[in-house]
Amino acid sequence: MSAQNQHYVPKFILRQFLSDQQKEHVAVYDKHEDKVFTTAIKNVMAERRFHDFVFEDWIASFEPVATKIEQTVLPVYRNILDTRRLERTLETQVALAMLLAFQFLRTRAQ
């Protein structure tokens, strides 16, 4: 069974914007209400069963694929954060291209 609350922005990216490291909270601006509040990253950039598609009697999910893609690009992403350098290796270029393309496709609009 796939996760109930599925992120369309990976948590490893959201963790770069923490306002409270220990609780993994971020500051959020609600433009409709014009207010700022803090919440856990588990509550933002995610929707219930976002990666699931219901077809009559069964559910297809690409959550496992999303997880695999995230795991594939995570080492390159972490290396960029750690070294503060963007290496021009084929591995880095492929990983970043994959992450950007996947993030573009992984939205409600798409």
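These legends go with close-up views of a predicted model. Local features are taken at pLDDT of at least 70 and side-chain atom pairs at pLDDT 80 or more, while totals for chains, interfaces and linings use all residues. Numbering starts from 1 along each chain as its sequence is written, and side-chain values use heavy atoms, with hydrogens and water left out.

View 1. A nonpolar core here is a set of buried Ala, Val, Leu, Ile, Met, Phe, Trp, Tyr and Cys residues joined through side-chain atoms within 4.5 Å; buried means under 20% relative accessible area with a 1.4 Å probe, protein chains only. Helices (H or I, at least four residues) and strands (E, at least two) are DSSP runs, numbered from the N terminus.

**View 2. Strand β3 and its partners.** Strands count as paired if DSSP finds at least two bridges between them. β2 (residues 18–20) runs antiparallel to β3, joined by two bridges, and Leu18 sits opposite Val26. On to β4 (residues 35–40): this strand pairs with β3 over six bridges, also antiparallel, and Ala27 faces Thr38. The β3–β4 hairpin has four residues between its strands, and Asp34 in the turn has a positive phi of about 55°.

**View 3. Arg108, after α3.** Arg108 lies in the segment after α3 and counts as exposed (over 50%) because its relative accessibility is 59%. Beyond neighbours within four places in sequence, Arg108 contacts (heavy atoms within 4.5 Å) Glu47 and Phe50.
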